[in-house]
Amino acid sequence: LERLEHPNYYTILYLRYIRRLSWQDVAEASNYSIQSVYRLHSEGLEALSVIVSSNGDLLEQVEKGDEV
């Protein structure tokens, strides 16, 4: 999560998945409307997906012995 460039993505994903708050509690804790929380959550998951997939590519290169 720390690799997310947008701090609001980190906040929303942290509150939802690490702190395990409900959507309403995430909205209240982050001072966003519930609609904004849903949007930021979606965008944050997309950004995290890009990070994870790029790390997977890097791991494959290391496992094959390619210079990184």
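Helices (H or I, at least four residues) and strands (E, at least two) are DSSP runs, numbered from the N terminus. By that rule, Asn 31 sits in the loop between α2 and α3.

This is a predicted model, in which local features need pLDDT of at least 70, side-chain atom pairs count only at pLDDT 80 or more, and totals for chains, interfaces and linings use all residues. Residues are numbered from 1 along each chain as its sequence is written, and side-chain values use heavy atoms, with hydrogens and water left out.

## Overall layout

The protein has 3 helices and 0 strands. Read from the N terminus, its elements run α-α-α. Each residue can also be sorted by its relative accessible area: buried means under 20%, exposed means over 50%, and partly exposed lies in between (1.4 Å probe, protein chains only). Of the 68 residues in the protein, 22% are buried.

A contact means heavy atoms within 4.5 Å. Take the contacts between residues at least 6 apart in sequence: 40% of them join residues at least 24 apart.

Two packed helices are described by the angle between their axes and the distance between the axes. Here, axes are lines fitted to C-alpha atoms, for helices over the stretch in contact, and angles run from 0 to 180 degrees between N-to-C directions.

Helix α1 covers residues 7–18 and helix α2 covers residues 23–30. Their axes come within 10 Å and cross at roughly 140°. That makes α1 oblique to α2. The angle classes are these: under 35 degrees is roughly parallel, over 145 is roughly antiparallel, 65 to 115 is roughly perpendicular, and the rest is oblique.

The crossing of α1 and α2 is right-handed. A crossing is right-handed if the near helix is turned clockwise from the far one by less than a right angle, and left-handed if anticlockwise.

Which residues in α1 and α2 meet? From α1 come Thr 11, Ile 12, Leu 15 and Arg 16. From α2 come Trp 23, Val 26, Ala 29 and Ser 30. By class, this contact has 5 nonpolar, 2 polar and 1 charged residues. Ala, Val, Leu, Ile, Met, Phe, Trp, Tyr, Cys and Pro count as nonpolar, Asp, Glu, Lys and Arg as charged, and the others, Gly among them, as polar.

## Buried residues in the helices

Leu 13 lies in helix α1. It is buried, with a relative accessible area of 1%. His 41 is in helix α3. At 12% relative accessibility, His 41 counts as buried. Leaving aside neighbours within four places in sequence, His 41 is in contact with Ile 12, Leu 13, Tyr 17 and Trp 23.

Ala 27 belongs to helix α2. With 5% relative accessibility, Ala 27 counts as buried. Not counting residues up to four places away in sequence, Ala 27 touches Tyr 32, Ser 33, Ile 34 and Val 37.

Gln 35 makes a contrast. It is found in helix α3, and it is exposed, with a relative accessible area of 55%.

| Pair | Apart in sequence | C-alpha to C-alpha |
|---|---|---|
| Leu 13 and His 41 | 28 residues | 6.5 Å |
| Ala 27 and Leu 15 | 12 residues | 9.4 Å |
| Gln 35 and Trp 23 | 12 residues | 9.8 Å |

A salt bridge is a side-chain nitrogen of Lys or Arg within 4 Å of a carboxyl oxygen of Asp or Glu. The count comes to 1 salt bridge. The side chains of Arg 39 and Glu 43 form a salt bridge, at 3.4 Å from N to O. Helix α3 covers residues 34–64, and these two residues are 4 apart in it, so about one helical turn separates Arg 39 from Glu 43. Arg 39 is partly exposed, at 43% relative accessibility. Glu 43 is partly exposed too, at 29%.

## Two loop residues with positive phi

Most residues other than glycine have a negative phi, and most peptide bonds are trans. Arg 20 is not a glycine, yet it has a positive phi of about 60°. Where does Arg 20 lie? It lies in the loop between α1 and α2. Arg 20 is exposed, with a relative accessible area of 71%.

Asn 31 is not a glycine either, and it has a positive phi of about 60°. Is Asn 31 buried or exposed? At 71% relative accessibility, Asn 31 counts as exposed.
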